Amino acid sequence: MSLASPLDAKQQVREAVDIVDLVGDYLPLRREGSGYKALCPWHNDSRPSLQVNPTRQSFRCWVCDIGGDVFSFIMRMEGVSFPEALQMLADRAGISINTRSSNPQGDDLKRLYFRAMAWAEQQYHDYLLKSSDAQVARDYLLDRGLTSETIAKYRLGFAPEQWSWLAEQAHETPFNAKVLEAVGLVSPRQSGSGYYDRFRGRVLFPIRDPQGRPVALGGRVVPGTASADNPAKYVNSPETPLFSKSSLLYGLDSAKDALSQSRQVLVMEGYTDCLIARQFGFANAVAVLGTALGERHLRLLKRFVDRVYLVLDGDEAGRRRADQVLELFVAEQMDVRILTLPDELDPADLLLERGAPALQRELDNAVDALEHKFRMATAGLPPDAGIHAVAQAVENVLATLAKAPRLASATDAAVKLREDQILHRLAQRSGLQDARLRQRLAELRRPNKRVEQAAPTPEPALPVQVKSKQVLAERWLLHIVLEDPRWLAQVMDEMTLDDFSCPQRRTIYGAMLRLLTEGKSPTFDLLMLLFDDPALKSALVELDEERSQLGRSGSAEDNVAREIRDLLTMFRTEREERTSRSTTTEASARAKSVDAEADPAAALRALVDKQRVRQGISVPTDG
């Protein structure tokens with residue numbers, strides 16, 4: 001079926017996929033009233049706190065402050081982008097989305113590439129398991145400690161030492177040499193015509209995307225074969241339309257459940273290390289793809305985990321690599337623990353020689369990134385090192401910490417607390433004063449001040465801590481319009497985007513206005529389709545659920561009209577006060593918000609009633 005527009009595609013998919021069925025495929029659901037509940041997969045949930053609303057086709061966990069629709073759920077569970085979630089749900093519903101790309105031929109070609117990779121994986125896997133010529137590869141893998149079960153489960157393979165074996169196998173398939181070259185399986189000969197197999201004489205580790213589709217191969221030469229003299233011990237697939245080594249991690253597809261449950265990941269440097277760790281019960285182990293851990297890797301991991309254990313070889317090179325990636329973790333505000341193994345062992349050898357408890361002890365004792373940085377900076381300093389030597393080490397650590405974004409007033413409180421703890425600990429370790437360290441950190445950040453100020457500061461994901469009557473009024477106004485979008489025409493004459501203090505509510509209001517100007521009613525369902533960003537979907541669900549809990553449904557039209565007039569008056573008053581009032585202290589702001597935080601519903605009603613009294617308007621009653 002060819003759908004007329006992207007919005008039509010999203011709407012048809014959303015209508016075809018029931019959120020109760022979707023969530024039920026991942027989590028055990030139990031009926032509660034008109035909805036359903038499940039144990040939330042994104043935190044250590046002992047009592048079901050994930051609520052599924054079949055009427056609104058939405059979900060929400062109030063503990064995690066996460067909500068959304070079928071698209072949001074798939075994005076979080078599978079760690080995919082919105083277009084990927086849309087396609088996955090369309091496939092589930094049997095809907096063909098022919099408008100998802102401006103290049104349908106390109107989409108068909110990409111599907112051919114996926115088929116070619118799956119076919120090649122099967123050929124190499126069968127060869128490893130069945131060919132007598134692959135005995136040397138089977139012996140090597142078993143000697144490395146990999147079991148037959150692991151070899152079969154993770155589809156390991158072997159490429160024979162023949163120049164064009166794979167191309168010959170492909171003669172009766174749709175996968176000609178050009179297709180095999182496009183996905184990095186063969187390369188053109190440097191002299192003469194034809195192609196040669198890229199991975200000949202190597203054991204192969206299939207690399208998969210987050211959806212579990214093979215997209216690349218990692219190959220290692222086998223000792224005792226003719227290819228063992230090759231100077232390149234490891235060879236990975238080149239960059240292809242399916243594969244970017246800076247965007248994927250080995251084993252991520254099969255680790256997603258373990259990552260969602262533990263919210264922790266073990267990042268290793270070798271495929272064998274990762275698989276041996278899996279054999280010893282560390283289901284949350286993944287590996288980099290022959291490259292250093294990069295920014296895109298960290299952003300990918302952020303979808304799944306809160307803490308990263310960087311498990312490095314115990315040699316000097318491993319210690320240097322930890323120092324090199326440290327700045328990335330600090331800049332991304334991630335909780336990373338550095339684990340350098342003893343006796344220059346790699347993870348596989350440690351596990352095979354000393355067992356799972358040995359690695360677990362190392363994990364339990366792993367230090368966080370800044371502590372590791374301080375230890376590296378002070379390594380070799382004598383116990384009586386002078387203040388100058390210690391100050392240089394501290395300067396090294398502060399320079400790394402300065403790479404992190406400047407913490408602004410709207411920054412998550414936990415992140416600000418983490419920086420405070422780091423500085424306090426650094427002061428204790430160095431003997432320098434806290435205030436002096438803060439001053440020096442500010443100096444190191446100063447060159448980037450203008451850039452940091454220009455960047456917008458996002459508000460934490462909803463629910464937002466209720467801080468003022470401005471916030472209460474914004475939420476109450478959006479409740480009214482979500483309840484009955486007809487009121488937006490009256491509101492839009494006086495309310496502008498600048499009247500909203502929160503970027504998310506400002507975006508929601510702007511979308512409402514845009515839909516209205518297009519002649520469409522800005523309903524909850526249409527707004528959910530309009531947004532692809534999970535944070536905005538979550539904000540909408542939170543507003544909708546809050547509106548329902550406040551019992552707005554059924555308010556008399558005259559009462560609503562009065563509420564809108566009162567709210568608009570409040571916004572006008574707020575504009576006037578903003579231009580005249582001096583900066584209030586943080587303590588005062590907290591004091592004003594206590595009641596609102598304790599009971600937002602009561603605070604909202606009390607605020608509206610108070611404004612009516614100021615205007616000489618009697619408090620209305622329903623009906």
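Is Lys537 buried or exposed? Lys537 counts as buried, because its relative accessibility is 0%. Asp69 also has 0% relative accessibility, so Asp69 counts as buried.

One thing to keep in mind as you look around: this is a predicted model.

The structure has 24 salt bridges, and helix H25 takes part in another one through Glu542. The side chain of Glu542 meets that of Arg475, with 2.7 Å from N to O. Arg475 lies in helix H21 (residues 469-483), so this pair ties helix H25 to a part of the chain 67 residues away in sequence. Both ends are tucked in: Glu542 counts as buried at 2% relative accessibility, and Arg475 is buried with a relative accessible area of 2%.

Now look at Arg486 and Asp484, whose closest N and O atoms are 2.6 Å apart in a salt bridge. Here the partners fall on opposite sides of the cut-offs. Arg486 counts as exposed because its relative accessibility is 65%, and exposed means over 50%. Asp484, at 17%, counts as buried, because the limit for that is under 20%. Going back to the opening pair, Lys537 and Asp69 are part of one network with Arg14 and Asp525, joined by salt bridges that share partners.

## A five-stranded sheet

Which order do the strands of the open sheet follow? The five strands run S1-S2-S3-S4-S5, and their pairing is antiparallel. Strand S1 (30-32) and S5 stand at the edges with a single partner strand each, so one side of each has no neighbour in the sheet. From one strand to the next, the twist averages 25°.

You can walk across the sheet pair by pair. S1 is joined to strand S2 (residues 35-38) by three bridges, and Glu32 has Gly35 in S2 as its bridge partner. Helix H2 (residues 19-26) packs on the sheet and touches S2, strand S3 (50-53), S4 and S5. The direction of helix H2 makes about 150° with that of S3. S2 then pairs with S3 over three bridges, where Lys37 stands opposite Gln51. Next, S3 and S4 pair over four bridges, with Leu50 and Cys61 as bridge partners. The hairpin of S3 and S4 has four residues between the strands, and in this hairpin Gln57 takes a positive phi near 55°.

## Phe59, a residue in the sheet

Phe59 is found in strand S4 (residues 58-61). Phe59 is buried, because its relative accessible area is 1%. Which residues does Phe59 touch, leaving aside its neighbours within four places in sequence? Its contacts include Ile19, Trp42, Leu50, Gln51, Ile66, Phe73 and Val541. The C-alpha atoms of Phe59 and Lys37 are separated by 9.3 Å, and the two residues are 22 residues apart along the chain.

## Two nonpolar cores

In soluble globular proteins, nonpolar side chains tend to be buried together. In this model, the largest nonpolar core has 68 residues. Which of them have the most contacts inside this core? They are Leu156, Leu185, Tyr250 and Leu359. Helix H5 (residues 104-130) supplies the largest share of the core, 10 residues. Leu359 is in contact with Met268, Phe282, Leu339, Leu341, Leu350 and Leu351, if you set aside its neighbours within four places in sequence.

There is also a second, separate core of 67 residues. Among its members are Ile480, Tyr509, Ala511 and Leu543.

## The whole chain

Zooming out, the protein chain contains 28 helices and 16 strands. How much of the chain is made up of buried residues? Of its 623 residues, 49% are buried. Taking contacts between residues at least 6 apart in sequence, 67% join residues at least 24 apart. The accessible surface of the chain comes to about 29800 Å², and carbon and sulfur atoms account for 48% of that.

Notes: Residues numbered from 1 in each chain as written. Predicted model: local features only at pLDDT ≥ 70, side-chain atom pairs only at ≥ 80, totals over all residues. Heavy atoms only, no water. Salt bridge = Lys/Arg side-chain N within 4 Å of Asp/Glu carboxyl O. Buried < 20%, exposed > 50% of the residue type's maximum accessible area, 1.4 Å probe, protein only. Helix = DSSP H or I, 4+ residues; strand = E, 2+ residues; numbered from the N terminus. Contact = heavy atoms within 4.5 Å. Areas by Shrake-Rupley, 256 points an atom, 1.4 Å probe, with all protein chains shown as cover. Core = buried A, V, L, I, M, F, W, Y, C linked by side-chain atoms within 4.5 Å. Pairing = 2+ DSSP bridges. Axes fitted to C-alpha atoms, helices over the stretch in contact; angles between N-to-C directions.
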